[in-house]
Amino acid sequence: MSLTIKNKTGTEKMLSVYWFVILFIVAAAVVYMTASFYGKPYDVRQIEADLLTDKVAKCISQAGYLKEEVLKPQFKDGFPGSCSINFDVEDSYGTEEQYYIELILNDFSSKEKVLEANAGNSKLKSFCDLNGEKLPFCLKRSFYVIDKGNRQYQADILSIIRKTEKNAQ
């Protein structure tokens with residue numbers, strides 16, 4: 001004779017309660033992770049400024065030598081086009097440009113300015129000395145190059161990215 005329990009509904013009801021609690025915890029975790037990931041935009045202005053600075057540096061020098069066309073007047077007149085830089089790639093906020101780039105090339109020994117070229121919104125330059133999250137991001141880099149005649153130059157590149165409406169919220 002075997003004894004079997006025919007009514008097991010009590011244990012099934014207890015398991016279903018725990019099952020719904022676990023489902024609720026998992027759903028809450030997924031909602032929290034999604035909200036934290038997509039809730040705030042990434043501020044990529046520093047990366048953009050680094051890329052813009054690198055593009056100008058590669059445009060004026062190659063393997064530590066100054067490219068010959070940099071010292072020609074055509075380079076300064078068509079500065080952003082000479083380096084294949086286009087600031088009109090994204091919808092802008094308002095009527096002002098969101099970028100500014102400045103290149104200053106000084107003779108290393110005499111400190112005489114050999115070349116000064118810039119492009120973009122020059123009003124952004126006034127924000128570089130200020131601190132704040134919702135201000136344009138400024139990046140200034142310097143490096144040294146020589147020309148084919150071993151004349152030494154110091155290149156200063158200033159890159160400014162505004163895009164505060166999109167990145168700094």
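Which helices each supply at least two residues of the nonpolar patch? In this predicted model, they are α1 (9-38) and α2 (45-60).

**View 1. A nonpolar surface patch of about 700 Å².** F37 has its place in helix α1 and is partly exposed, with a relative accessible area of 45%.

**View 2. Aromatic pairs, of which the whole structure holds 3.** One of them joins F37 and Y38 in an edge-to-face arrangement, with 4.8 Å from centre to centre and 90 degrees between the planes. Of these two residues, Y38 is exposed, its relative accessible area being 64%, whereas F37, at 45%, counts as partly exposed. F75 and F79 form another edge-to-face aromatic pair, for which the centre-to-centre distance is 5.9 Å and the angle between the planes 65 degrees; both F75 and F79 are buried.

**View 3. Lysines placed over aromatic rings, at K111 and at K148.** K111 lies over the face of F108, at 4.8 Å from the ring centre. The ring of Y65 has the charged end of K148 over it, 4.8 Å from the centre of that ring.

View 4. When neighbours within four places in sequence are left aside, the residues in contact with D107 are E112, V114, R151, Q152 and Y153.

Note on methods. Residues are numbered from 1 along each chain as its sequence is written. This is a predicted model: local features need pLDDT of at least 70, side-chain atom pairs count only at pLDDT 80 or more; totals for chains, interfaces and linings use all residues. Side-chain values use heavy atoms; hydrogens and water are left out. Patches are made of residues with over 30% relative accessible area and no salt bridge: like charges are joined within 9 Å, nonpolar side chains (Val, Leu, Ile, Met, Phe, Trp, Tyr) within 5 Å. Accessible areas come from the Shrake-Rupley method with a 1.4 Å probe; for residues, only the protein chains shown count as cover. A salt bridge is a side-chain nitrogen of Lys or Arg within 4 Å of a carboxyl oxygen of Asp or Glu. Helices (H or I, at least four residues) and strands (E, at least two) are DSSP runs, numbered from the N terminus. Buried means under 20% relative accessible area, exposed over 50%, partly exposed in between (1.4 Å probe, protein chains only). Contact means heavy atoms within 4.5 Å. Rings of Phe, Tyr and Trp (its six-membered ring) pair if their centres lie within 6.5 Å; planes under 30 degrees apart count as stacked, over 60 as edge-to-face and the rest as tilted. A charge sits over a ring if NZ of Lys or CZ of Arg is within 6 Å of the ring centre and within 35 degrees of the ring normal.
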